[in-house]
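Me: I'd like to understand the terms behind a structural description. Could you walk me through them?

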Amino acid sequence: MQKHLATRQAYGEALVELGRNNPNIVVLDADLSKSTYTVKFAKEFPDRFFNAGVAEANMIGIAAGLATCGFIVFASTFAIFATQRALNQIFQSIAYPELNVKIAASHAGITVGEDGASHQSVDDISIMRTIPGMTVIVPADVTEAYQATIAVARYFGPVYLRLSRAPTPQILPNEYMFKIGKAYVLKEGSDVTIIACGTMVYSAMVAAEKLSSHGINAEVINMSTIKPIDKETLLNSVKKTGCVVTAEEHSIIGGLGSAVSEVLSEEYPCPVKKIGIKDQFGQSGKPEELLKYYGLTSDDIVEATLSLKEVPNK
Amino acid sequence: MFETFELVSNYTELQAIATRIRKNIIEMIAQAGSGHPGGSLSCVEILTALYFKVLRLNPEYPEDMDRDRFVLSKGHSAPALYATLAQFGFIPEEWLKSLRKFGSPLQGHPDMKKVPGVEISTGSLGQGLSVGVGMALGAKIQKLGYRVFVLLGDGECQEGQVWEAAMAAAHYKLNNLIAIVDRNRLQIDGNTEEVMALEPFVEKWKAFGWMTLEINGHDFGEIIPAFQIIPYISKPLAIIANTVKGKGVSFMENNVDWHGKAPKPEEAEKALKEMQEICKLA
């Protein structure tokens, strides 16, 4: 796998691999197959790919119908359309009957860039996390996106897989093995636990390096499964460090930061700082410009950590 | 396996089943103290014809891969479906008493995880036809001969998703998909044509690329022949079944107040008595 690819590309590759090994894999898209990379599967398996056109609600219903026939169904579109246009369909026709449908949504977050707020999903983790029985996964890089796609096909039940448009640097080690519900400690540390998901995992690692020059030894956790959350890894780390910074390319309302806070408030109350979009809509711009504007850079993580540790920012 | 052509229209037996289903509906909803009698009563003949003459189903093998699929997209007519499933043998008749009660498999709207014979959970309107498209595509991929029947309400057809599904079914040339619309012309807020006009309704389905038939949805002599053309269709078939909301109970017929209201004990008694009279006549 090449470096500096987007997670959506790894998803597209993994689908083809799945299709070759399992005749029960069926893929749906809503006129965005070139963007979600389902087009690769469509070309190789035209009999098992269905384009619903610009009709997300119908796509989800079709996915449900196919799942009742024993197929493993992947349904793809942009995150904002999957979770907002077809929310009630996901709730009623997929989640309530516990059907084996994987909603693999790309273009999540603000790094969609120039298309602006109408196409930037800032609340999809929050929305999907509140649906009973829904598994929510946010891969950090192509290695994890590829593995997660294979893993969710083997898991029976509804899954939301959140993918990005923008390329992300390779961050997970070669020996990494993705497991649903298992967080991964990327860097061990003792002073603060930085928990990140998706595109923010790389920034969290950069922040940890910057923090070391402040004399702070940060532990970095890749929390790729947001639901069910890995309480064990989270609590083991926090019992060691005593404070947490979360980082996500998503609203601070209802996403990773909220999920972590929910666990900590009940099981191990401690200071938590949330890096994320602060109850705002996105806008047009280059991904880097937007990440800076919305406070989603490694420097923002550093600053939050320093404020938490009450160390003056040098 | 294939349905037989019945040239003689003697449907006494079906009529008797339909009456038993109607009685069950009234008893169930009265006992539950809530529910939707109007739209349940309007689709009784359609369900009776489907389960007892059309659908290739065996209650002993509810998971048979090649079974015909039935989707109740108008999920609020659950009492009619439950009563039919009980008559057909999918569920014990005893269950009917538990409709809408805490812990009952018979939820207010159908739950596929709890009730054998329910192919998909419904309730939020407008979604069943999309699911039916998925099931029909499934048959094509697996090269199986089963057919998919979706029963929709007419008010439900105001949902945009129904037309997304209609477009997709024609696009994928799903000649194994049959939509039946229970055209009782009433929805919660009144006459469909006053709330949000559906007419020209048959023409809409035609324009979306479907073959269409318009029938009297209470006359087995029209319902059963309509299904007999299925082996010969080359595109999805929409059967617009003109019906009477609350059919079979004089004070409920064509009365929108009975869309979602349970009869009081004395009203239920009156309704059941009327059905008794019908039985005697038959």
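Reply: Gladly! Two residues are in contact if their C-beta atoms, placed from the backbone, lie within 7 Å. Helices (H or I, at least four residues) and strands (E, at least two) are DSSP runs, numbered from the N terminus. This is a predicted model: local features need pLDDT of at least 70, side-chain atom pairs count only at pLDDT 80 or more, and totals for chains, interfaces and linings use all residues. Residues are numbered from 1 along each chain as written, with chains lettered from A and ligands numbered from 1 in written order.

Me: Which residues of α3(B) meet α4(B)?

Reply: Val44(B), Leu47(B), Thr48(B) and Tyr51(B) meet Ala80(B), Leu81(B), Thr84(B) and Phe88(B) of α4(B). These divide into 6 nonpolar, 2 polar and no charged, where Ala, Val, Leu, Ile, Met, Phe, Trp, Tyr, Cys and Pro count as nonpolar, Asp, Glu, Lys and Arg as charged, and the others, Gly among them, as polar.

Me: Why is the crossing of α3(B) and α4(B) called right-handed?

Reply: A crossing is right-handed if the near helix is turned clockwise from the far one by less than a right angle, and left-handed if anticlockwise. The crossing of α3(B) and α4(B) is right-handed, so by that definition the turn is clockwise.

Me: What makes β1 and β6 of chain B edge strands?

Reply: Strands pair if DSSP finds at least two bridges between them. The open sheet runs β1-β2-β3-β7-β6 (chain B), with parallel pairing. β1 (69–72) and β6 (211–216) each have a single partner strand, so one side of each lacks a neighbour in the sheet.

Me: How do you know that β3 and β7 of chain B pair?

Reply: They share 6 bridges in the parallel sense, and at least two are required, so they count as paired. One bridge joins Asp182(B) to Ala241(B).
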